[in-house]
Amino acid sequence: MAPQAARSLTRDDATAIGAKLAHLLQERQSILAELEPRAIPTIDPVAYQTAASHRLVLTDITAALDRLEADYQLGEENGA
C-alpha cells in the first residue's frame with residue numbers, strides 16, 4: 001500500500017484536535033492529582049511510576065497544544 005500524502009489541517013480540524021487534546025490534558029491532570037499523595041517509591045512504586053508517566057504525557061500534550069495555537073492562532077478566539 002502506497003503511503004498517503006500528508007494533508008493540511010483546516011482551522012476547524014485544528015480546533016477540534018485542540019479541544020480533544022485539552023480534554024485529555026484535563027483528564028491526565030485529574031488522575032495525576034489523585035496519584036500524587038501516594039506516589040512515593042517506598043510507599044507505592046506503581047503509583048510513582050504511573051505519576052511519572054502522566055507527567056511526561058502532560059508535557060507532550062501541552063507541547064502539541066502550544067504548536068496548534070501557534071500554527072492556527074487558536075488561543076485568540078478564547079481571549080488568550
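The protein has an accessible surface of about 6000 Å², and 56% of it belongs to carbon and sulfur atoms. Such areas come from the Shrake-Rupley method with a 1.4 Å probe, and for residues only the protein chains shown count as cover. What you are looking at is a predicted model, in which local features need pLDDT of at least 70 and side-chain atom pairs count only at pLDDT 80 or more, while totals for chains, interfaces and linings use all residues. Residues are numbered from 1 along each chain as its sequence is written, and side-chain values use heavy atoms, leaving out hydrogens and water.

Let's start with the overall plan. The protein contains two helices and zero strands; helices (H or I, at least four residues) and strands (E, at least two) are DSSP runs, numbered from the N terminus. Here are the two helices next to each other, with the expected span taken as 1.5 Å times one less than the number of residues.

| Helix | Number of residues | Distance between end C-alpha atoms | Expected span |
|---|---|---|---|
| α1 | 25 residues | 36 Å | 36 Å |

How do the helices sit together? Two packed helices are described by the angle between their axes and the distance between the axes. For α1 and α2 the angle is about 155 degrees and the axes are 9 Å apart. These axes are lines fitted to C-alpha atoms, for helices over the stretch in contact, and angles run from 0 to 180 degrees between N-to-C directions. The two helices are therefore roughly antiparallel to each other, a label used for angles over 145 degrees.

Now look at what is hidden. Of the 80 residues in the protein, 21% are buried (under 20% relative accessible area; exposed is over 50%, partly exposed in between, with a 1.4 Å probe and protein chains only). In α1, the buried residues are A14, G18, L21, L25, L32 and L35, and their cover includes α2. In α2, A47, A51, H54, L58, I61, A64, L65 and L68 are buried, with α1 (11–35) among what covers them.

Across the protein, among contacts (heavy atoms within 4.5 Å) between residues at least 6 apart in sequence, 60% join residues at least 24 apart.

Finally, α2 is followed by Q73, which has a positive phi near 45 degrees.

Definitions and conventions:
Angles under 35 degrees count as roughly parallel, over 145 as roughly antiparallel, 65 to 115 as roughly perpendicular and the rest as oblique.
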